Amino acid sequence: MTQSLSRWHITPNASNDQAYPILSQDPVWNSFALADLEPPLRNYSQFAMASQDESNAHAICLILRHPIIGQVLSPFGREEGVAAILKHVSLPEYPLIQAQEIHIPLLQNYYQPETTWKSMVRMAITSNSLSSLSPVPHRPVKQLTVSDIPALKKLYAQHPELDFVHFQLKTGSIEKPI
């Protein structure tokens, strides 16, 4: 069912065929949403879509409601379309929000973070950015140990938006030891 909301047509449960062309416009940013088009996560994923007849403008929001992973909200596309989606769909109560900065003001109308909003850095190598490296001399790789923790803390202090979990060097796990 498609409904109009101030020039935007909202499709609360877009099909894969409707969602994929929008998500694939930025496959790096939408990497998780694109993966959620596939089983088994597709069963827990809602793709709410907004479109306009008079233009090629689109927006989409992945809303994941998974019993183990939890709730995720990830908008993409035109601000006005994202705003229309947020007004129209049933939003998760406590989601992990993966949003680009342009959508944060819209999300603040619905969510207040427990701490400050944190930036997310996503790195990827695309076919356009991949290039052959010029030969470099072999350098040995040194495994980090607990003796490297002071230097790592100093490095991460320069980037407070990033988390450094020092016990990973001891346990190899992100789970904090009991």
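Met123 counts as exposed, because its relative accessibility is 75%; exposed means over 50% relative accessible area, buried under 20%, and partly exposed in between, with a 1.4 Å probe and protein chains only. The residue lies in the loop between helix 4 (104-107) and helix 5 (149-157). Together with Val121 and Leu162, Met123 makes a nonpolar surface patch of about 340 Å². Patches are made of residues with over 30% relative accessible area and no salt bridge; like charges are joined within 9 Å, and nonpolar side chains (Val, Leu, Ile, Met, Phe, Trp, Tyr) within 5 Å.

This is a predicted model, in which local features need pLDDT of at least 70 and side-chain atom pairs count only at pLDDT 80 or more, while totals for chains, interfaces and linings use all residues. Residues are numbered from 1 along each chain as its sequence is written, and side-chain values use heavy atoms, with hydrogens and water left out.

**Overall form**

The protein has six helices and six strands. Helices (H or I, at least four residues) and strands (E, at least two) are DSSP runs, numbered from the N terminus. In order from the N terminus, the elements run β-β-α-α-β-β-β-α-β-α-α-α. The protein is more spread out than a compact globule, because its radius of gyration is 20 Å, well over the 16 Å that the globule rule gives for 178 residues. This radius is taken over C-alpha atoms, and the rule is 2.2 Å times the number of residues to the power 0.38. Along the principal axes, the C-alpha atoms fill a box of roughly 60 × 45 × 30 Å.

Of the 178 residues, 31% are buried. The accessible surface comes to about 12500 Å², and 55% of this belongs to carbon and sulfur atoms; such areas come from the Shrake-Rupley method with a 1.4 Å probe, and for residues only the protein chains shown count as cover. Among contacts (heavy atoms within 4.5 Å) between residues at least 6 apart in sequence, 48% join residues at least 24 apart.

**Strand 3**

Strand 3 is largely enclosed by the rest of the structure, because seven of its seven residues are buried. Ser45, Phe47, Met49 and Ser51 are buried on one side, and Gln46, Ala48 and Ala50 on the other. Two strands pair if DSSP finds at least two bridges between them. Strand 3 pairs with strand 2 in the antiparallel sense over three bridges, and Thr11 stands opposite Met49. Strand 4 also runs antiparallel to strand 3, joined to it by seven bridges. One of the partners there is Leu64, which is bridged to Ser45.

**Salt bridges**

Side chains of opposite charge can pair when their charged atoms come close. A salt bridge is a side-chain nitrogen of Lys or Arg within 4 Å of a carboxyl oxygen of Asp or Glu, and by this rule there are three.

| Pair | N to O distance |
|---|---|
| Arg7 and Glu54 | 3.9 Å |
| Arg78 and Glu80 | 3.3 Å |
| Lys142 and Asp148 | 3.3 Å |

The pair of Arg7 and Glu54 links distant parts of the chain, 47 residues apart: Arg7 lies in the loop between strand 1 (3-5) and strand 2 (8-11), and Glu54 in the loop between strand 3 (45-51) and strand 4 (58-66). Both Arg7 and Glu54 are exposed. Arg78 is partly exposed at 39% relative accessibility, and Glu80 is partly exposed at 42%. Asp148 is buried, with a relative accessible area of 15%, whereas Lys142 is exposed at 59% relative accessibility.
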